[in-house]
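Some labels used for protein models rest on cut-offs. Please go through a few of them and say what each one rests on.

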Amino acid sequence: MSEQLVISNSSELRRLFKEKLMLNGMPEAYADRAADVLVWADERGIHSHGSVRMQYYSERCAKGGFNNEPELKFEKTGPSTGVYHGDNAVGHYVAYEAMEEAVNLAKESGIGAVGVSEMSHSGAIGYFVQKAAEQGMVALSVCQSDPMVVPFGGSDPYFGTNPIAFAAPRKNDTPIVFDMATTVQAWGKILDARSKNKDIPDTWAVDSDGNPTTDPYAVNALLPVAGPKGYGLMMIVDILAGSLLGLNHGKHVTSMYKDLSEYRRLGQFHLVINPDFFSSREAMEEKMDTMVDELHDNKPATGFDQVYYPGELMEATKAEYEKSGIPIPKDILEYLKSDTPY
């Protein structure tokens with residue numbers, strides 16, 4: 001495993017991210033949002049979507065793979081619906097702005113459904129649903145990614161890791177946030193293993209011959225979570241975030257790594273629900289707090305210390321890192337602090 005260094009606080013890490021992205025030509029407003037999403041991941045222990053992605057984002061930006069002068073536009077298509085035209089700008093910024101539009105629609109009419117058309121990679125999408133839940137909303141977000149997963153029963157990659165994120169507000173604490181790839185593990189976990197020179201479980205991925213592998217460098221494709229169930233979920237995500245918006249689907253989605261000067265043209269879909277149109281925000285938040293208390297009181301199984309709600313361990317990691325610092329691979333931290341563009 002490669003050496004890990006510790007950075008003392010999230011503000012310092014955010015500064016390093018932002019400065020490196022701007023060094024590679026990313027406009028400040030976009031770099032600021034991207035850095036916020038990256039830090040959100042790292043400080044919660046989701047390192048697969050944090051600092052290990054920085055060199056990729058920097059190189060893509062430097063090579064013109066982001067549109068840094070986009071014509072961003074929100075097109076309201078109905079009382080509760082709209083399309084945010086991202087014009088292949090930085091995905092973190094576009095996804096956040098589109099979520100804000102969905103929240104505004106939900107505040108007005110109870111439901112906000114916003115498709116995001118043509119954007120780049122937006123990082124950990126749990127960030128966006130949490131932002132909506134902090135405003136008292138229930139939120140769901142799904143996003144396309146490029147083909148790197150074998151369909152159930154197949155041997156050639158077709159769908160992407162196609163993540164799903166969900167969040168619900170709580171009265172007395174941080175929102176419940178559930179964020180998952182529809183694969184056994186996200187591709188970022190492979191990158192994280194590579195950065196640490198660490199083997200992976202043989203249930204995560206297959207090599208070029210379709211055989212299970214523990215070598216992260218030999219990975220040719222990932223496996224869907226729970227076999228046919230994960231396969232079905234990744235298809236649903238691809239339909240909502242791709243076909244529904246008239247965008248590319250499945251194996252036609254642009255590669256993340258093949259040509260870093262090429263626009264990604266990805267799709268994302270946000271659904272936001274306003275509890276006040278169904279019961280009330282207060283009533284729902286009280287139910288959420290009661291649910292969490294009851295889960296904590298549930299008798300733990302052998303080998304477990306307690307039952308956690310989705311996202312609770314992420315928040316526990318964040319609290320621990322606030323005391324001890326955020327671990328970052330030494331080579332990545334040195335890169336962030338250097339004058340090297342990418």
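The questions below take the labels one at a time.

This is a predicted model, in which local features need pLDDT of at least 70 and side-chain atom pairs count only at pLDDT 80 or more, while totals for chains, interfaces and linings use all residues. Residues are numbered from 1 along each chain as its sequence is written, and side-chain values use heavy atoms, with hydrogens and water left out.

Q: Why is His92 called buried?
A: Buried means under 20% relative accessible area, exposed over 50%, and partly exposed in between (1.4 Å probe, protein chains only). His92 has a relative accessible area of 1%, so it is buried. His92 sits in helix H4 (residues 91-109), where helices (H or I, at least four residues) and strands (E, at least two) are DSSP runs numbered from the N terminus.

Q: What makes the pairing of the His92 and Tyr57 side chains a polar contact?
A: A polar contact is a pair of N or O atoms within 3.5 Å; within protein, one must be able to donate a hydrogen and the other to accept it, and residues adjacent in sequence count only if both atoms are side-chain atoms. The side chains of His92 and Tyr57 make such a contact at 3.3 Å.

Q: Which residues is His92 in contact with, leaving aside neighbours within four places in sequence?
A: Contact means heavy atoms within 4.5 Å. On that basis His92 is in contact with Arg33, Ala34, Val37, Tyr57, His121, Ser122, Gly123 and Phe128.

Q: How do you know that the span of helix H2 (residues 28-42) agrees with what it should be?
A: The expected span is 1.5 Å times one less than the number of residues. For the 15 residues of H2 that gives 21 Å, and the end C-alpha atoms are 21 Å apart, so the two agree.

Q: Why is H2 described as largely enclosed by the rest of the structure?
A: Because 12 of its 15 residues are buried. Among them are Tyr30, Arg33, Asp36 and Trp40. The buried residues of H2 pack against elements including helix H1 (10-23), helix H3 (54-62) and H4.

Q: What makes a set of residues a nonpolar core?
A: The set consists of buried Ala, Val, Leu, Ile, Met, Phe, Trp, Tyr and Cys residues joined through side-chain atoms within 4.5 Å. The largest such core here has 35 residues, and Met99, Phe128, Val129 and Val272 have the most contacts inside it. H4 gives the largest share of this core, nine residues.

Q: How do you know that this core lies between domain 1 (5-66 + 325-337) and domain 2 (73-277)?
A: Domain bounds come from an automatic or database domain assignment. Both domains give residues to the core, so it lies between them.

Q: What is the area buried between domain 1 and domain 2?
A: Buried area is the accessible area (1.4 Å probe) that two parts lose on being put together, summed over both. Between domain 1 and domain 2 this is about 2600 Å², and carbon and sulfur atoms give 67% of it.

Q: Why does Asn197 count as exposed?
A: Its relative accessibility is 52%, so Asn197 counts as exposed. Asn197 is in the loop between helix H6 (187-195) and strand S8 (205-206), and has a positive phi of about 50° although it is not a glycine.

Q: Is Ala226 buried or exposed?
A: Ala226 has a relative accessible area of 52%, so it is exposed. Ala226 lies in the loop between strand S9 (221-222) and helix H7 (228-241).
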